[in-house]
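Please consult the sequence and coordinates alongside the text.

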Amino acid sequence: MESLKHPNGNIIGVIIAYFLIYVVWGSTYFFIGVALKDFSPFLLGALRFTAAGLILLGICYLRGEQIFKKSLIKHSAVSGIVLLFVDMAVVMLAQRYLTSSLVAIIASSTALWILLLDAPMWRMNFRNPFTIVGGIIGFGGVVMLYVEQLNSERLQPHSEYGILLLIFGCVSWALGTLYAKYRSSREEEVNAFAGSAWQMLFASGAFWICSVVNGDVLEVHWAGISTTSWLSLAYLISFGSLLAYSAYVWLLKVRPAAEVGTHAYVNPVIAVLLGVFLGGEYVTFIQIAGLLVILLGVMLINRKRKA
């Protein structure tokens, strides 16, 4: 727990940040599903990250941060594309085939990918054979969810495509997280957030390009977008990006990447609860069992990592 002693990593700030990435981020799966009823995935990402990025960059400028630092912008571009654009595009595209609850459940495997891809921590993460066992168990849970999609008649057509998209997205998020941890975060002070703002803006640029190429901008019927979808977008901008994502990047500066990745354990619980009680989504026994298997694998890995 040495990071808690960091002058900028005070216990209150850490608790608040973890609440944001645990609870608030878990709720974004539901609100993404709501917003996608009127927005296309690429257009939703473009609007969300453009607004959040510009607002945060303006705040950073007023705080006196060096927002035009060349090396910061360079590393933020990589993080923004890999961490935000690829993963969020995949999540939104996957929700065309899957419920928000199932998307969040499968996304819990992100924590496994962070542990497996965190090369600087391999000596610690894999010093015990049980870590490998935990990884196999965790991926077994993902396989359970994928197999169910091939055989279930209750789920949407081609839902197995959503599973494959999400696995790719989880790997991208893990790689982006580690890049932000070891490269991007070194370009600014702990309590600076210009890097987060640039990441959002670069991600938004990629979303705008895809949205234009896909014809989303011309096809959208702005007058027909419901108030619920606009409010969901506002929630994603304010709570999902400005608060939760900034908290995530800050935590990567003061806490180990594998520990910060534990948000993937809690997010599915929040998403499932919202999906079931607010969205009326159907959750199967296999989905719950798959989630429990994934979490069991992750807990084994974490326990052995700290042993």
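Predicted model: local features only at pLDDT ≥ 70, side-chain atom pairs only at ≥ 80, totals over all residues.

A residue counts as buried when its relative accessible area is under 20%, and as exposed when that area is over 50%. As for sulfur pairing, the structure holds zero disulfides.

Helix 5 spans residues 110-117 and is mostly covered, with six of its eight residues buried. These buried residues are Thr 110, Ala 111, Leu 112, Trp 113, Ile 114 and Leu 115.

Helix packing comes next. Two packed helices are described by the angle between their axes and the distance between the axes. For helix 1 (residues 11-35) and helix 11 (residues 227-254), the axes come within 8 Å and cross at roughly 150 degrees. Because angles over 145 degrees count as roughly antiparallel, helix 1 is roughly antiparallel to helix 11. The crossing in which helix 1 passes helix 11 is left-handed. In their contact, 21 residues are nonpolar and seven are polar, while no charged residue takes part.

The loop between helix 1 and helix 2 (41-62) brings the reader to Ser 40, which is placed there. With a relative accessible area of 15%, Ser 40 is buried. Which side chain does the side chain of Ser 40 join in a polar contact of 2.9 Å? The partner is Asp 216.

Key
Residues numbered from 1 in each chain as written. Heavy atoms only, no water. Axes fitted to C-alpha atoms, helices over the stretch in contact; angles between N-to-C directions. Helix = DSSP H or I, 4+ residues; strand = E, 2+ residues; numbered from the N terminus. Parallel < 35°, antiparallel > 145°, perpendicular 65-115°, else oblique. Left-handed = near helix turned anticlockwise from the far one by under 90°. Nonpolar A, V, L, I, M, F, W, Y, C, P; charged D, E, K, R; others polar. Buried < 20%, exposed > 50% of the residue type's maximum accessible area, 1.4 Å probe, protein only. Disulfide = S-S within 2.5 Å. Polar contact = N/O pair within 3.5 Å; in protein donor to acceptor, adjacent residues only side chain to side chain.
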